[in-house]
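Below is a briefing on a single protein chain. The notes are grouped by topic and can be read beside the sequence and the coordinates.

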Amino acid sequence: MFKHILVPIDGSKTSMLAVSKAAGLAKTFGSKVTLLYVIDPYPFTGVGADFGYGQEQYLTAATAEANIAIDAAKKAMSEAGVQAEGVIAEGHVVHDAIVEAVKNIGADLIVMGSHGRRGLEKLMLGSVTQRILSLVHISVLVVRD
């Protein structure tokens with residue numbers, strides 16, 4: 001039913017729950033799985049902030065963090081009997097990078113976690129999941145913790 005599943009991850013407990021659900025679906029349908037971690041190449045740090053390190057050091061640290069999350073997700077997939085590819089993308093807006101990945105890999109399902117923010121927190125931080133639901137024209141399975 002699903003040929004290619006995209007699983008956006010961020011290293012959180014919620015994204016690992018999505019990995020688990022995606023592994024079950026991939027095993028059932030024989031789907032290909034791509035794990036996606038999005039790094040903001042130029043994060044907002046605030047005006048006049050003292051930088052603990054520069055841009056190059058930030059990207060090195062962010063990439064290392066992304067690799068740790070991808071390795072953990074790949075391990076969980078492997079333990080479930082599913083092979084997965086890990087991809088690190090750069091993007092200022094996470095949902096735009098996810099939409100671009102859907103197009104580039106030809107995914108027909110997104111399995112993603114939602115942190116379930118509500119009220120002011122949702123208003124201030126936004127909802128990547130909500131934006132994905134409004135932007136893509138493929139199925140999206142939202143996993144809540």
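Helices (H or I, at least four residues) and strands (E, at least two) are DSSP runs, numbered from the N terminus. This is a predicted model, in which local features need pLDDT of at least 70 and side-chain atom pairs count only at pLDDT 80 or more, while totals for chains, interfaces and linings use all residues. Residues are numbered from 1 along each chain as its sequence is written, and side-chain values use heavy atoms, with hydrogens and water left out.

**Fold and confidence**

- The protein chain contains five helices and five strands, in the order β-α-β-α-β-α-β-α-α-β from the N terminus on.
- Of the 145 residues in the protein chain, 37% are buried (buried means under 20% relative accessible area, exposed over 50%, partly exposed in between, with a 1.4 Å probe and protein chains only).
- Among contacts in the protein chain with a separation of 6 or more, 79% join residues 24 or more positions apart; contact means heavy atoms within 4.5 Å.
- The mean pLDDT (the predictor's confidence in each residue, from 0 to 100) of the protein chain is 88, and 85% of the residues score at least 70.
- Among the elements, S1 has the highest mean pLDDT (98), and helix H4 (residues 119-125) the lowest (47).
- The pLDDT is below 50 over residues 121-125, a stretch with five contacts in the model beyond near neighbours in sequence.
- Where pLDDT is low, the predicted coordinates should not be read in detail.

**Helix H1**

- H1 has 17 residues and should span 24 Å at 1.5 Å a residue; the 25 Å between its end C-alpha atoms agrees with this. The expected span is 1.5 Å times one less than the number of residues.
- Thr14, Ser15, Ala18, Val19, Ala22, Ala23 and Ala26 are the buried residues in H1.
- The partners against which the buried residues of H1 pack are S1, strand S2 (32-39), helix H2 (55-79), strand S4 (109-114) and strand S5 (139-144).
- Ala26 belongs to helix H1 and counts as buried because its relative accessible area is 3%.
- Not counting residues up to four places away in sequence, Ala26 touches Ile5, Ser31, Val33 and Val82. The C-alpha atoms of Ala26 and Val82 are separated by 6.9 Å, although these residues are 56 residues apart along the chain.

**Aromatic pair**

- Rings of Phe, Tyr and Trp (its six-membered ring) pair if their centres lie within 6.5 Å; planes under 30 degrees apart count as stacked, over 60 as edge-to-face and the rest as tilted.
- By this rule there is one aromatic pair. Phe2 and Phe29 form this edge-to-face pair, at 5.7 Å centre to centre and 85° between the planes.
- The pair links distant parts of the chain, 27 residues apart: Phe2 is in the segment before strand S1 (4-8), and Phe29 is in helix H1 (residues 13-29).
- Phe2 is buried because its relative accessible area is 15%, whereas Phe29, at 32%, is partly exposed.

**Nonpolar cores**

- A nonpolar core is a set of buried Ala, Val, Leu, Ile, Met, Phe, Trp, Tyr and Cys residues joined through side-chain atoms within 4.5 Å.
- The largest has 25 residues, and Ile5, Val7, Ile9, Val33, Leu35 and Met77 have the most contacts inside it.
- S1, H1, S2, H2 and S4 each give two or more residues to this core, and H2 gives the most, with seven residues.
- Another core, of 14 residues, lies apart from it and includes Ile98, Val99, Met112 and Val136.
- Beyond its neighbours within four places in sequence, Leu35 has contacts that include Val7, Ile9, Val19, Ile70 and Met77.

- The structure holds one salt bridge (a side-chain nitrogen of Lys or Arg within 4 Å of a carboxyl oxygen of Asp or Glu).
- The salt bridge joins the side chains of Lys75 and Glu79, at 3.9 Å, N to O.
- Both Lys75 and Glu79 lie in helix H2, four residues apart, about one turn of the helix, and both are exposed.
- His95 lies in helix H3 (residues 94-105) and is buried because its relative accessibility is 11%.
- Leaving out residues up to four places away in sequence, His95 touches Val128, Arg131, Ile132 and Leu135.
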